[in-house]
Amino acid sequence: MFVDRPVRDDAHGTDDEEGGGGGDFEVLHDGVPAYRLKTRPRALADFLTGAWWHRTSPESGSTRGPVCSRLTGDGGRITLRDHTLITTSADGDRTEEELATDEEVRAVYGAEFGIVLDRLPVPLHPRP
């Protein structure tokens, strides 16, 4: 089983310094730095460019069709993307299952996410 652990990182200067990270956290994945959480305040405007890309780019997963995802009790994840059911275990093993019918997809929404639908969600930007 993998373990993620946040560790305070005071060794990289202050938030005022370029590239500094004083008071930030490094998240270690099995003892190896995976990413950094910066603790300085952010303004909503800091997220505009990223939000625009996720909302408009054909390469963004957000525009490729409906997606619903949640963590499982054992540390894994279950994701439904269009008609593909993706199950990822806590240790990273991943399986994908193509669901053949809209009824199967709606059944997964109900059973795995507690969402009851009379029809499937429509993509914001349908593929050509």
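A: Let us start with a definition: a salt bridge is a side-chain nitrogen of Lys or Arg within 4 Å of a carboxyl oxygen of Asp or Glu. Please keep in mind that this is a predicted model. In this model, the side chains of Arg70 and Glu112 meet in such a bridge, with N and O 3.0 Å apart. This pair links distant parts of the chain, since Arg70 belongs to strand E4 (residues 67-71) and Glu112 to helix H2 (residues 102-113), 42 residues apart.

Q: Are Arg70 and Glu112 buried, exposed or partly exposed, and why?

A: The general idea is that a residue is called buried under 20% relative accessible area and exposed over 50%, with partly exposed in between. Arg70 has a relative accessibility of 30%, so Arg70 counts as partly exposed. Glu112 is also partly exposed, because its relative accessible area is 29%.

Q: How many salt bridges does the structure hold?

A: The structure holds three salt bridges. One of them joins Asp24 and Lys38, whose closest N and O atoms are 2.9 Å apart. Asp24 lies in strand E2 (residues 24-29), while Lys38 lies in the loop between strand E3 (32-37) and helix H1 (48-56), so the pair ties together parts that are 14 residues apart in sequence. As for accessibility, Asp24 is buried at 0% relative accessible area, whereas Lys38, at 36%, is partly exposed.

Q: Which residue meets Glu96 in a salt bridge, by way of its side chain?

A: The partner of Glu96 is Arg94, and the two side chains meet with N and O 2.7 Å apart.

Q: Where is Thr79 placed, and is Thr79 buried or exposed?

A: Thr79 is placed in strand E5, which covers residues 77-81. With a relative accessible area of 10%, Thr79 is buried, because this value falls under the 20% cut-off.

Q: Which side chain makes a polar contact with the side chain of Thr79, and which residues does Thr79 touch?

A: The side chain of Thr79 makes a polar contact with the side chain of Ser69, at 2.7 Å. If we leave out residues up to four places away in sequence, Thr79 touches Val67, Cys68, Ser69, Thr84, Leu85, Ile86 and Phe113.

Conventions: Residues are numbered from 1 along each chain as its sequence is written. This is a predicted model: local features need pLDDT of at least 70, side-chain atom pairs count only at pLDDT 80 or more; totals for chains, interfaces and linings use all residues. Side-chain values use heavy atoms; hydrogens and water are left out. Helices (H or I, at least four residues) and strands (E, at least two) are DSSP runs, numbered from the N terminus. Buried means under 20% relative accessible area, exposed over 50%, partly exposed in between (1.4 Å probe, protein chains only). A polar contact is a pair of N or O atoms within 3.5 Å; within protein, one must be able to donate a hydrogen and the other to accept it, and residues adjacent in sequence count only if both atoms are side-chain atoms. Contact means heavy atoms within 4.5 Å.
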